[in-house]
Amino acid sequence: MNFHKLNITAGISIRCLKYSTNATKPELPASFVNDNVEYEISRDKSGLRRQHKNILHETNPYSEAHSWIHLTEKYQRGVYGKYGAKSNISPQICFGTKSEIAAAKKFQTITQPKTIQQMIETARAAKAAKLAAVVEREDGIAKKLEKLEQWKADLNAKVAKREADAAAAIARKERLIEEVRRHFGFKVDTRDERFKEMLEQKEKEDKRKQKEAKRKVKEEKMMAKLVKQTS
């Protein structure tokens, strides 16, 4: 317990001594500039190498080649592109040699055989064809919409005709069944063989009558057409 108190007391004493020392530290008197005094130039404490300093100041890192890479066209072109005239590199290095230009032209003729004007004309033609296709499609849709009402009327007419034919067939079937029953004079089961035979005969006779009626209608139409042509 006494040891703990001793440590606390020692710590307080050290802090008080520190503060009292800082407070009593003497200040240097103000001095005026003297032209007869030589001042020492401050040393560079950054620790950076010359090339790194040049990069920091946006200049060519190396004033002379330090590696074979620095002598390549790729490196010098990149340095000139980044630092410009401050790189002390001739701008002609940025232009390709005759062999490089010839190779580039040959490659372009293979990959892009058409000129810019030809490519523009091709693009215009493709655009015009696409627009013409859209216009043609829209015109076709408009024409179909104009015929839509007629198509609806034709469809309704076909449906009505089918329904009428179905109703007529049912009525004709019922009429033939009733005629067969009257023929026998009593109620006969429709599953009876005699009923089936008589119904088949009635159906054949009815079909013959219908065929004869259609033939007469057709003949009347042809006669009317001939009379119209002669007149």
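Tutor: Leaving out residues within four places in sequence, isoleucine 177 is in contact with Phe195 and Leu199, where contact stands for heavy atoms within 4.5 Å. The model is a predicted one, in which local features need pLDDT of at least 70 and side-chain atom pairs count only at pLDDT 80 or more, while totals for chains, interfaces and linings use all residues. Residues are numbered from 1 along each chain as its sequence is written, and side-chain values use heavy atoms, with hydrogens and water left out.

Leucine 176 lies in helix 6, helices being DSSP runs of H or I with at least four residues, numbered from the N terminus. Leucine 176 has a relative accessible area of 4% and is therefore buried, a word that applies under 20% relative accessible area, with exposed meaning over 50% and partly exposed in between, for a 1.4 Å probe and protein chains only. Again not counting residues up to four places away in sequence, leucine 176 touches Leu199, Lys202, Glu203 and Asp206. Leucine 176 and leucine 199 are 23 residues apart in sequence, yet their C-alpha atoms are 6.7 Å apart in space.

Helix 7 covers residues 193–230, and its 38 residues reach 56 Å from the first C-alpha to the last, close to the 56 Å expected at 1.5 Å a residue, the expected span being 1.5 Å times one less than the number of residues. Buried in helix 7 are Phe195, Met198, Leu199 and Asp206, and what covers the buried residues of this helix includes helix 6 (148–184).

Helix 6 also packs with helix 5 (residues 116–146), at an angle of about 45 degrees and with the axes 4 Å apart; axes are lines fitted to C-alpha atoms, for helices over the stretch in contact, and angles run from 0 to 180 degrees between N-to-C directions. Helix 5 is therefore oblique to helix 6, since angles under 35 degrees count as roughly parallel, over 145 as roughly antiparallel, 65 to 115 as roughly perpendicular and the rest as oblique. Where they meet, Lys144, Leu145 and Glu146 of helix 5 face Leu148, Glu149 and Trp151 of helix 6.

Notes:
Helices (H or I, at least four residues) and strands (E, at least two) are DSSP runs, numbered from the N terminus.
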